[in-house]
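Hi,

Here is the structure I promised to pass on.

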Amino acid sequence: MLKHRVIPALLLQNAGLVKTFKFKNPKYVGDPINAIRIFNDKEVDELMVLDILASKQGREPNYNIIERIAGECFMPLCYGGGVRSVEQARKIFSLGVEKICLQSAALANLQLVNDIATRFGNQSVVISIDVKKDWLGRYQLYRADTDKLVHTAWQGFMQQAIAAGAGEVLLNAVDRDGTMSGPDLELIRQCNQNLQVPLIAVGGIGSLEDIKLAVSAGASAVAAGAFFVFHGPHRAVLITYPRYQELENLFDN
Amino acid sequence: MNIHIINVGLGNVASIQNMLKRVGYPSNLRVTPDTNQIPDLIILPGVGAYDTGMTLLGEYNWTNYLKEVADRGITKILGICLGMQLLCDGSDEGSHPGLGLISGRFQRFKPDNSSLKVPHMGWNAVEFTEFGSSLFSISHQMPRFYFVHSYHYSGTNDDCILGWCNYGHRFGAIIHNKTITGVQFHPEKSHRFGMHFFNDYINSICSNTG
């Protein structure tokens, strides 16, 4: 049967890898190519690379680094950050990337989701939904490029993006990002209601047990950043990934 | 070993070229067919919609070329993902006929169980048939491959199936007809198993000139 994917989510800032805490304070964790080689050797299920500055700065994706990353990836690769046109998407796919993750451009206009999905298939478009709790504890859609809540119902926007052609949802619990304090299971449950496409849950993963919890709450796949790049209470940088057998045992039990 | 990868904007040609390089085979990306020198192997990659795929193959003069190459029966053709689907008769996804080199059509997954999402996306096991196992030594390693697709093979003749996958129900994941082979998964994105797959494929199917 299909196995639940466990996906390292790596954040790119300029040419370095960083890891954030609740989307703030990016900490440098190393050279992306080196990290990707390690993940490649560890035979990870899939890899996600998100450029956290491209949309903020309104600049083009860094094709050079995407190409170098893709050249090291013998597993599926998803890229996100700064993609605003079909032509940019075409170029990224041609470098050896399988999926493009959209947020800013999709919030501006879902036509891009539609255009990329029509040309390259629904499976190639991931809609990135960042959700943060407001002061009343309600889940609100959040945009990473402006660091602001958006007053659009997050589930409504997600369904519109799927209707426009997004083949997968990346659901990020902003308040859990980098905390390794466990996934937001209620958010995952809400997201998975009436969801027809695969759901990748990210945010808060700090253990293998957390991965299992996220899957039990309805995630098709689980992504994590800090869990795969930090080690120990002082968050020393150490790239790890569970052995296949460990993951198999985790989901079998 | 002269390998051409069809490069008409149908997806991940760089990934396939990378993987072939990794297992020791240089390859050429071709926008249009090379009519001077017919290669040993043509790889038809594919990501995207069925009709777009057939239209692009037609636009760049591949449709008739591939049919002629298949008729001659010397050059091997490997279709990957949408490429596999284009090798067959057609798909419910589109209205264009396929290349018709392997019999069968493609149908959309309709899982009864709502926990099964469409597309079928992720790593899944492939169970090789007896004939499949004789061609692919990797069959003894409990291989898993990366799949991303919403439509699955549906043929009336199980003889052309070399490997099965299961997602809600069983479907052909590797299909074969003489010199033509199609795989629904992405061997170029299936790390160790993909490397073994290409090695096995080139060593058994491509070295067999019959």
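Let me start with a question: is A:G167 buried or exposed? It is buried, because 25 other C-beta atoms lie within 10 Å of its own, and 20 or more is what it takes to count as buried. Before you read too much into that, keep in mind that this is a predicted model.

A:G167 sits in the loop between α6 (154–164) and β10 (168–173) of chain A. Leaving out residues up to four places away in sequence, A:G167 touches A:A117, A:N122, A:Q123, A:S124, A:V125, A:V197 and, from the other chain, B:P119. A:G167 and A:K99 are 68 residues apart in sequence, yet their C-alpha atoms are 9.7 Å apart in space.

Most peptide bonds are trans.

Now the contact between the chains as a whole. 28 residues of chain B are in contact with 30 residues of chain A. On the chain B side, α1, β7 (120–125), β9 (144–149), β11 (161–167) and α6 each supply at least two residues. By class, that side has 11 nonpolar, 13 polar and four charged residues.

For chain A overall, the count is 10 helices and 14 strands. Its radius of gyration is 17 Å, which agrees with the value near 18 Å that a compact globule of 253 residues would have. The C-alpha trace spans about 40 × 40 × 40 Å along the principal axes, and 52% of the residues are buried. If you take the contacts in chain A between residues at least 6 apart in sequence, 63% of them join residues at least 24 apart.

Helix α1 (residues 13–22) and helix α6 (residues 191–206) of chain B pack at an angle of about 75°, with their axes 10 Å apart, which makes α1(B) roughly perpendicular to α6(B). B:M19, B:L20 and B:R22 on the α1(B) side meet B:G194, B:M195 and B:F198 on the α6(B) side; these residues divide into four nonpolar, one polar and one charged. Also in α6 of chain B is B:H196, which is partly exposed, with 19 other C-beta atoms within 10 Å. The C-alpha atoms of B:H196 and B:S137 are 8.2 Å from each other, though the two residues are 59 apart along the chain.

Helix α2 (residues 50–59) of chain B has B:Y50, B:G53, B:M54 and B:L57 buried. They cover an arc of only 95° around the axis, so they are on the same side of α2(B). The buried residues of α2(B) pack against α3 (62–72), α4 (82–87) and β5 (90–91) of chain B. After α2(B) comes B:N61, with a positive phi near 65°.

Which other residues have a positive phi without being glycine? A:N14 is one, at about 55°, and B:M142 is another, near 50°. A:N14 lies in the loop between β1 (5–13) and β2 (16–21) of chain A and counts as exposed, with 10 C-beta neighbours inside 10 Å. B:M142 lies in the loop between α5 (130–135) and β9 of chain B and is exposed, with 10 other C-beta atoms within 10 Å.

Cheers

Note on methods: Residues numbered from 1 in each chain as written. Chains lettered and ligands numbered in written order. Predicted model: local features only at pLDDT ≥ 70, side-chain atom pairs only at ≥ 80, totals over all residues. Helix = DSSP H or I, 4+ residues; strand = E, 2+ residues; numbered from the N terminus. Rg over C-alpha atoms; globule rule 2.2 N^0.38 Å. Buried ≥ 20, exposed ≤ 12 C-beta atoms within 10 Å, placed from the backbone. Contact = placed C-beta atoms within 7 Å. Arc of directions from axis to C-beta. Axes fitted to C-alpha atoms, helices over the stretch in contact; angles between N-to-C directions. Parallel < 35°, antiparallel > 145°, perpendicular 65-115°, else oblique. Nonpolar A, V, L, I, M, F, W, Y, C, P; charged D, E, K, R; others polar.
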